[in-house]
Amino acid sequence: MPDEPAIRLTDVRVTAAGLRSMLLDPPVDAEDQAILDGVSLDVPVGDVLSVLGESGGGKTTLLRCINRMIDAEAGEVQVLGRSVRDWDVRELRRTAVFVPQRSYLFGGTVRGELIHALRWNNRGAIKMPFGEVLEAVGLSVPQDKPATELSEGQRHRLCIARALLLFPKILMLDEPTGALDVRTAREMLAALVAWARDKGTTLVCVTHRPEDLEVLGGEALILLQGKVAGRYPAADVAARKVDADTSAFLGKPSGVSS
Amino acid sequence: MIGAASTIDPGWLGLAASMLLMVVVLVVALCFGINMIKDGAVAAARATIQLVAVGLLLGWIFARSHWWAICLMLAVMTAVAGFTGGQKINKVLKRTGPLITLILACVTALTLVYVTQFAVGVHRFTAQYFIPIGGIILGNAMTAAVLATTRYAEDLKEQRDKVEAALALGASPAQATREMLRKAFTAAITPTINAMLIVGIVKLPGIMTGTLLGGVAPLVAAKYQLVVLFMLIFGDGMTSLLVLAAVRRRVFTSAWQLRL
């Protein structure tokens with residue numbers, strides 16, 4: 001089915017109460033509110049989609065539904081035309097790889113960190129293009145360097161490279177530029193977009209920084225209070241050529257907070 | 001039989017004399033302005049009531065050695081151990097009592113049969129061997145299970161984001177929590193391993209003391225102690241591994257989602 005979108009969300013609803021109900025010992029005194037409130041969304045194969053919105057607006061939750069870290073209470077999430085519930089979990093998570101906002105190391109050298117993900121997926125490390133994925137995130141460090149000696153920004157890029165090595169069909173990044181300075185961020189995003197285009201990878205990227213959009217291109221989705229507030233060409237959002245509500249959230253181009 | 005007949009009965013008067021020791025220290029403490037009379041009295045009363053009751057009960061069981069009475073006693077001990085263990089874990093993980101009880105029952109039964117048949121060579125189902133040995137296994141295995149589970153669940157809660165980062169890269173729950181499982185098992189088994197390293201140098205261990213008081217030759221007492229130590233490592237280790245495996249199953253959904 002070549003026409004199936006990479007990701008399709010149909011009226012997806014996730015609430016705080018729903019997430020608590022799957023816990024073994026749910027807290028009793030917590031408040032209940034919708035985190036995602038009827039989100040519908042298509043992302044065609046090979047596209048770039050940026051997700052913007054205020055903190056707590058459901059951006060990360062949206063990505064976590066797609067790799068089934070959580071289950072939506074209502075609505076359906078499809079990846080490559082198939083409901084996420086019908087996928088083998090490991091198959092789904094290496095097809096749609098999610099890289100969290102913070103970087104997590106599992107021990108070893110730069111190369112060792114990359115190998116962890118391969119091993120978990122029962123893949124050998126021989127002939128794997130370690131150099132290529134490090135280059136795709138603009139990381140030029142010796143592969144035998146202990147990963148703990150890297151700076152925070154380098155660690156984060158290593159985490160993205162680790163995801164790239166699984167050659168995902170969909171790559172989901174949660175604020176990949178948070179730990180980087182503006183110039184490094186631009187360079188990395190540009191290299192990632194080129195890599196994704198080359199491999200035909202669909203790229204979904206949560207970001208706080210409208211200036212990231214200029215490099216990412218594609219489209220931008222604005223998520224406010226769990227609802228899709230708008231979807232625009234990325235260039236328009238970067239230039240604030242959008243409606244009043246969205247503009248208000250984005251702020252003035254000069255005084256954007258990171 | 002370990003020459004039980006050669007042990008001297010302290011008698012009720014002797015018991016009262018030993019209790020006087022406790023009274024003395026509490027009174028001296030009072031002179032220092034430390035009032036522990038109430039705590040001491042409660043502890044002394046509880047210990048006396050509990051131990052005398054157990055002594056009477058075991059006396060009845062030992063005298064008859066009915067197979068069903070031994071089984072019942074072991075079953076009650078297992079249930080109490082499982083329940084107590086579950087209570088201790090409650091703060092980090094709820095409703096583990098039944099699970100721990102079940103695993104304790106299996107491991108204890110297996111260990112008891114093996115040790116009595118192949119290590120000690122008790123070929124009759126006698127209360128004198130099965131109940132005390134069963135008790136040692138249960139008490140230690142319960143503590144090990146509590147240590148292992150508490151450590152595992154606490155680490156998981158503390159590092160849930162890191163575990164999810166691994167899951168997001170295709171790791172299974174077993175792969176994502178391998179290091180935590182290793183640490184939890186080590187935490188459970190280390191006290192016994194450490195005890196083995198210094199055993200007999202600093203103080204004589206409980207079983208050896210007991211058998212010596214019972215009039216057994218020192219070398220035989222030492223052998224008993226060794227049998228017990230190896231048995232405890234098995235009981236603690238096996239219980240910890242089984243409980244950890246079961247807890248790991250419980251804290252993740254079938255879709256590899258963390259439920260803590």
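This is a predicted model: local features need pLDDT of at least 70, side-chain atom pairs count only at pLDDT 80 or more; totals for chains, interfaces and linings use all residues.
Local features were taken only at pLDDT of at least 70 and side-chain atom pairs only at pLDDT 80 or more, whereas totals for chains, interfaces and linings use all residues. Residues are numbered from 1 along each chain as its sequence is written, and chains are lettered from A and ligands numbered from 1 in the order in which they are written.

In the contact between the chains, 24 residues of chain A meet 21 residues of chain B; two residues are in contact if their C-beta atoms, placed from the backbone, lie within 7 Å. On the side of chain B that touches chain A, at least two residues each are supplied by α6 (160-168) and α10 (218-251) of chain B. Helices are DSSP runs of H or I with at least four residues, numbered from the N terminus. The largest share of this side, seven residues, comes from α6(B). Its composition by class is eleven nonpolar, four polar and six charged residues, where Ala, Val, Leu, Ile, Met, Phe, Trp, Tyr, Cys and Pro count as nonpolar, Asp, Glu, Lys and Arg as charged, and the others, Gly among them, as polar.

The largest nonpolar core contains 133 residues. Such a core is a set of buried Ala, Val, Leu, Ile, Met, Phe, Trp, Tyr and Cys residues joined through C-beta atoms within 7 Å; buried means 20 or more other C-beta atoms within 10 Å of the residue's own, exposed 12 or fewer, and partly exposed in between, with C-beta atoms placed from the backbone. The members that touch the most others are A:V97, A:A161, A:M172 and B:A148. Helix α5 (residues 127-158) of chain B gives the largest share of the core, 16 residues. Leaving aside residues up to four places away in sequence, A:A161 touches A:L114, A:V133, A:L134, A:A136, A:V137 and A:L139.

Helix α5 of chain B also holds B:D155. This charged residue is buried, with 20 C-beta neighbours inside 10 Å. B:D155 touches B:M180 and B:K183, not counting residues up to four places away in sequence. Its C-alpha atom is separated by 10.0 Å from that of B:E179, 24 residues apart along the chain.

Most residues other than glycine have a negative phi. A:N122, not a glycine, has a positive phi of about 55°. A:N122 lies in the loop between α4 (110-120) and α5 (130-136) of chain A and is exposed, with 8 other C-beta atoms within 10 Å. B:W256, also not a glycine, has a positive phi of about 60°. B:W256 is found in the segment after α10 of chain B and is buried, with 22 other C-beta atoms within 10 Å.
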